[in-house]
Amino acid sequence: MYCLAIETSCDDTCVAIIKNGNTILSNVISSQIDIHRRFGGVVPEVASRRHLEYLIPALEQAFQQANLTLKNIDLIAVTRGPGLTGSLLMGLCMGKTFSILHQKPFIAVNHLEGHLFASRLDHPDITPPFISLIVSGGHTELTVVQDWGKYVHLGRTRDDAAGEVFDKVAKYLKIGYPGGPLIDNRASNANPTRFHFRGGLEDQENYDFSFSGLKTAVIRAYDQLSDSSKKDEKGINDLLASFQQSVVRTLWKKTIRAVKKTGIRSVSLGGGVAANSSLRSLFSQKGFQNNIKVYLPSPALCTDNAAMIGSCGSFHFSFGRISPLDLEPDPQLRL
Ligand code: KG4
Ligand code: ZN
């Protein structure tokens, strides 16, 4: 069973071909980072126009790598939301058009559920129930996966998402875009204990997150530095490492709380921030110490990709589910 998957929820134009729901034959990502970098963030109107430009070449590349043609495809899976309306529309239109022209079934996929299936692609042994933490540019979601397709919401961010604060702090400090990987890199050999920051709601007895106050605290600490300190690369790296550590520590505290309350000792991570090296090492180390199995998808499957959409779409299709062709994007779709 071959599934053609399209993911255009934000600024990456992604096309993949998946065999039997779990084998990646191709996974093409056409990044628009170079275009959005000069604006310091994703410009929705620009992103949707670029998807239109990049989609056909990405599709051609995906078919070439998989050594297949549209005739071989049994299912077309496309992200429906959450995301940017204009961007989602591009992928959906393309998928629906192929579905009509080539008489192939079409299935719409929830992007967040796709991030969950990234773990399954890399770790076929992962079995529900498990706790899922999705940390991306738009989301910070803690969920109990009782079964595939059966999710119980625990908590989410009340303001900025984890990836969003990385990007905003980097933008303010003029470090570059996107901030997550750049901060990760600059923090790698720095001192995370030099500054003391706290994640919002860090020690509160709930599963919600709040990162906007932390962002303000980091910006204030930076503003209070002397001009020469602002130019001191090592000092700035320490500031970034201290910020990063407070985000990672907060994410761990809420996750371990969910583990303790539910008694479920498996945790899966997903979303772009799950590519963060500090987060990966802390979760692996603490998981080991606390006898919790931690499933980390490879960094390439943490960030947005169509392989996870194909895997998720194939799963639902195997239960006979398909979507109507008049389905519209849902920018606010929840898990
Ligand atoms: O999942 P994703 O590719 O797109 C969304 O669904 O949002 O996540 C993108 C986010 C961005 O905010 C980016 O800065 C962040 O993930 N990110 C990282 C790292 N790589 C990507 N954050 C921290 N450390 C990283 N290594
Ligand atoms: Zn995502």
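User: Which residues have the most contacts inside the largest nonpolar core, and how many residues does that core have?
Analyst: This is a predicted model, where local features need pLDDT of at least 70, side-chain atom pairs count only at pLDDT 80 or more, and totals for chains, interfaces and linings use all residues. In it, the largest nonpolar core has 93 residues, and Ala5, Ala16, Ala77, Ala162 and Ala307 have the most contacts inside it. A nonpolar core here is a set of buried Ala, Val, Leu, Ile, Met, Phe, Trp, Tyr and Cys residues joined through C-beta atoms within 7 Å. Buried stands for 20 or more other C-beta atoms within 10 Å of a residue's own, exposed for 12 or fewer, partly exposed for in between, with C-beta atoms placed from the backbone.

User: Which helix gives the largest share of this core?
Analyst: That's α9 (residues 233–262), with eight residues. Helices (H or I, at least four residues) and strands (E, at least two) are DSSP runs, numbered from the N terminus.

User: Why does the core lie between the domains?
Analyst: Because domain 1 (2–115 + 304–317) and domain 2 (127–296) both give residues to it. The domain bounds come from an automatic or database domain assignment.

User: And numbering?
Analyst: Residues are numbered from 1 along each chain as its sequence is written, while chains are lettered from A and ligands numbered from 1 in the order in which they are written.

User: OK, how far apart are the C-alpha centres of the two domains?
Analyst: They lie 27 Å apart. Ten residues of domain 1 are in contact with 13 residues of domain 2, contact being C-beta atoms, placed from the backbone, within 7 Å.

User: What gives the most to the domain 1 side?
Analyst: α1, with three residues. The elements giving two or more residues to that side are α1 (33–37) and α4 (111–122). By type, the side divides into five nonpolar, four polar and one charged. The classes are Ala, Val, Leu, Ile, Met, Phe, Trp, Tyr, Cys and Pro as nonpolar, Asp, Glu, Lys and Arg as charged, and the others, Gly among them, as polar.

User: Switching to ligand 1. How many residues surround it, and which are the closest?
Analyst: 19 residues surround ligand 1, and Gly137, Gly163, Gly180, Gly272 and Asn276 are the closest. Near means a C-beta atom, placed from the backbone, within 6 Å of the molecule or strand. α5 (162–172) and α6 (179–187) are the elements that give two or more residues to this shell, and α6 has the largest share, four residues. The shell splits into six nonpolar, ten polar and three charged residues.

User: Where's Gly137, and is it buried or exposed?
Analyst: Gly137 is in the loop between β6 (130–135) and β7 (140–147). With 24 C-beta neighbours inside 10 Å, Gly137 counts as buried.

User: And Asn276, where does that sit?
Analyst: Asn276 is in the loop between β9 (266–270) and α10 (277–289). Asn276 is buried too, with 27 C-beta neighbours inside 10 Å. Leaving out residues up to four places away in sequence, Asn276 touches Gly180, Asp184 and Val248.

User: What does UniProt list for "binding site"?
Analyst: The unreviewed entry lists Ile134, Val135, Ser136, Gly137, Gly138, Asp167, Gly180, Asp184 and Asn276. UniProt positions follow the numbering used here, feature names are shortened, and annotations may be inferred rather than shown by experiment.

User: Back to α5: why is it largely enclosed by the rest of the structure?
Analyst: Because nine of its eleven residues are buried. The buried residues of α5 pack against β6, β7, α6, α7 (212–223) and α9.

Key:
Contact = placed C-beta atoms within 7 Å.
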